[in-house]
Number of protein chains: 2
Amino acid sequence: MTVFWAERAVVGGQVLASVRIEEHGGVITSVEEGDREADAVVLLGLVLPGFANGHSHLFHRALRGRTHGGGGTFWTWREEMYRAAAALDPDSYRELATAVFAEMVLAGYTVVGEFHYLHHQPGGSPYATPTAMEDAVVEAASVAGIRLTLLDTLYLAGGTGSALLSEQRRFSDGSIAAWVARRDAVVFGPLARSGAAIHSVRAVPAVLLQEAATLSRDRPLHAHVSEQPAENDEAIAAHGATPTELLAASHVLGPNFTAVHGTHLTERDIQLLADSHSTICFCPSTERDLADGIGPAIALRDAGATLSLGSDQNAIVDPFEELRGLEMDERLDSGQRGRFTPMELLEAATSAGYHSLGWDGGCLQAGAVCDLVAVSLSTPRTAGARPEQAWFAATASDVTDVIVGGEVRVRDGHHLLGDVGALLSAAIERLNL
Amino acid sequence: MTVFWAERAVVGGQVLASVRIEEHGGVITSVEEGDREADAVVLLGLVLPGFANGHSHLFHRALRGRTHGGGGTFWTWREEMYRAAAALDPDSYRELATAVFAEMVLAGYTVVGEFHYLHHQPGGSPYATPTAMEDAVVEAASVAGIRLTLLDTLYLAGGTGSALLSEQRRFSDGSIAAWVARRDAVVFGPLARSGAAIHSVRAVPAVLLQEAATLSRDRPLHAHVSEQPAENDEAIAAHGATPTELLAASHVLGPNFTAVHGTHLTERDIQLLADSHSTICFCPSTERDLADGIGPAIALRDAGATLSLGSDQNAIVDPFEELRGLEMDERLDSGQRGRFTPMELLEAATSAGYHSLGWDGGCLQAGAVCDLVAVSLSTPRTAGARPEQAWFAATASDVTDVIVGGEVRVRDGHHLLGDVGALLSAAIERLNL
């Protein structure tokens, strides 16, 4: 059992002062206003529930600051991304994953949904240990101290009706049965769990969508949906349906389903997602960087859908930047301020993401996992902000302490694992991109 | 004379390794590749020219993290901003300015254009020392160690054909003659100089625009232009001309002129700005926050106009965020990546801003003022980035050293003035907002 004492904390949608948080076995057992006790772990500033990174491709981190020289589109960027994918093996993937997950924890992310499709050797043959790449991700999360939902991805086709490109071969298990067999052979520790993903309606033939969903009812199921207009055009040409309509007709949507991006949705798509109690995971820093466009966040909220947030390509790893992005892009689009309330944005960044990733957490209450983030309110960025709006001022650099599963992972701005910049430099240098 | 040695530096649009920079009297006297000398000031990572903050209202910093609770528009935000303006006197303004300018230096800004209109007592009467508020800004810049262009602002009307609101009275000198007299009575040190501003075509009657410009030919002249559609509508209704057309007809445009924002411009406006060799100062973090919209940056560039960048309301003080904002908002708008080259973005953030503010600087070459910024390439954010694109990865938190006028102001991430967060907290708390 550990007792944490927070100078201030967000509890039940409000900022309270002097909050005692008791933890047992990684789960919060009580949250109450109370004086600082002698043996409590003291958390100064403002304590928030840990942030959920609802959508990550960890290896894209290796491309940060490297893809801006030549113009291009989402599709030319994808070629560079495939080159990075080709450079990884289980050892280098583990090293990179450890560094990237450590960067996430340092930034205040306490759980990550890793949308993982680097399953096999570059040619497509399994490794000697068929789960070698999955094991690398699971081990990295454990070492870096982040909670993990491994969104093990089904990827069978190169496009609607197209064979796999040679660089996509390692993404494919060849069949749903082989995907399920490999996926269910992965061993998880207490801070990690199994989830599933359909890469997209491009990469999984329409006739297989329903079976993939049926075999994933007991866990979180994610899919990329309508990130780019071309993806919609292709689905409509092939199936006479938008990607969301196709997923709905295949019984993929539902409370365990998360549509990632949802940038280019029709009104009907929005209603289908809301009515099925699906989550939509926006990735604002990536959607800017990849020129995807501004998704219909307010229309989704108003239809009753749940929004979460992710860092996706990890060009930026900063949960505050993502939640501000959700709001700021809406402001650019609408000409109105305050489209979401501060508390709605915090919930998208925390509890909605925990739900989407299959964990009871992202809030400070008994029964939730004990994942906490302390933010200083006296840095050059946060000084002067009201605590109940401080996440409009803060950045990842203002995170001082991070607790995952009741254990301190970051203290005074330092990850207990060591120098995260050095870990990242070594892991990326090794890839010789 | 000081010799700086940079591990890497951006010189003439390229990243060079091992660069010797010699300074005399605050001006660069030579830049050449060369070995590290025993008595050189060592700057590790990547050395960039100092960043220019082309447009600041320093006192808006007091509103950071306080204006997001109630929805609203630019115009309701303006009411909150006027309340902050009303709270300031020369002492509290100096204290706040010192802290905000120190925050800017810490973030890598080495020059600021302060668009200053808090001239008089709240009722509109001059202070006993008529330049008390200007003196406060000049002294604060000197203490914080930032180069300053005081854009002393002409503000005469509450709107097109409207009298001043009571909360606007302190902004007004009552006449152009009184504005010039006060403006020219301000005493500047070596790191500060006089500039001028026409607040907007709302706040200065059209018949007076030409005289204001004529009296400001010898210095930088700035104006807010077309930040909001309502501003255009008002000008067209009153004058049958857009704000830019009105400024052009009044001979305000020209090489010493900077149009701030330029968010809602017509094709003709764009051509007028480009043909007159005016600068357009975008403020992406503010234009998001205030729901202004996305300005026509690429159209301006393609017409031959010069773009600079500013932090405006200082909701964010991070030059990297502004330059990324310029590019990312364009990507959102166009569906294309790489709209500006990395070097074009760096120039908008440095040399274009120096030019707009009347200084020969923002580049590493003999004759330029010696304002330098060193950025670490081994932080959790920058690790792995290519040096020639590192400003896509860095944030203000990655700035290690800042030199202004040849003098070290920030070393190893610490402002020599002390704890900037504490300075900000004290200055903002004093205002009792």
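A:Asp289 forms a salt bridge with B:Arg337, the closest N and O atoms being 2.7 Å apart. A salt bridge here is a side-chain nitrogen of Lys or Arg within 4 Å of a carboxyl oxygen of Asp or Glu. A:Asp289 lies in helix H9 of chain A, and B:Arg337 sits in the loop between helix H11 (319-334) and helix H12 (342-349) of chain B, so the pair joins two chains. Helices (H or I, at least four residues) and strands (E, at least two) are DSSP runs, numbered from the N terminus.

This is a predicted model, in which local features need pLDDT of at least 70 and side-chain atom pairs count only at pLDDT 80 or more, while totals for chains, interfaces and linings use all residues. Residues are numbered from 1 along each chain as its sequence is written, chains are lettered from A and ligands numbered from 1 in the order in which they are written, and side-chain values use heavy atoms, with hydrogens and water left out.

Return to A:Asp289. Its side chain also meets that of B:Arg331 in a salt bridge (3.6 Å, N to O). Across the interface of chain A and chain B, the rule finds 4 salt bridges. Over all chains, the structure holds 54. Side chains of opposite charge can pair when their charged atoms come close.

Now take the interface as a whole. In chain A, 51 residues are in contact (heavy atoms within 4.5 Å) with 51 residues of chain B. The area buried between the two chains is about 4400 Å², and carbon and sulfur atoms give 51% of that. Buried area is the accessible area (1.4 Å probe) that two parts lose on being put together, summed over both. A:His68, A:Leu332 and A:Arg337 supply 19% of the area that chain A buries against chain B, more than any other three residues.

Polar contacts cross the interface too. Between chain A and chain B, 31 residue pairs are in polar contact, both residues at pLDDT 80 or more. Such a contact is a pair of N or O atoms within 3.5 Å; within protein, one must be able to donate a hydrogen and the other to accept it, and residues adjacent in sequence count only if both atoms are side-chain atoms. Several elements give two or more residues to the side of chain A that touches chain B, among them helix H1 (74-86), helix H2 (90-107) and helix H11 (319-334) of chain A.

Next, look inside chain A. There, 8 strands form an open sheet in the order S6-S7-S8-S9-S10-S11-S12-S13, with parallel pairing. Two strands pair if DSSP finds at least two bridges between them. Strand S6 (51-56) and strand S13 (306-309) of chain A stand at the edges, each with a single partner strand, so one side of each has no neighbour in the sheet. Strand S9 (residues 192-198) and strand S10 (residues 221-225) of chain A pair in the parallel sense over 3 bridges. A:Ala196 stands opposite A:Leu221 in S10(A).

Chain B has an open sheet of 8 strands, with parallel pairing and the order S6-S7-S8-S9-S10-S11-S12-S13. Its edge strands are S6 (51-56) and S13 (306-309) of chain B, each pairing on one side only. B:Ala197 stands opposite B:His222 in S10(B).
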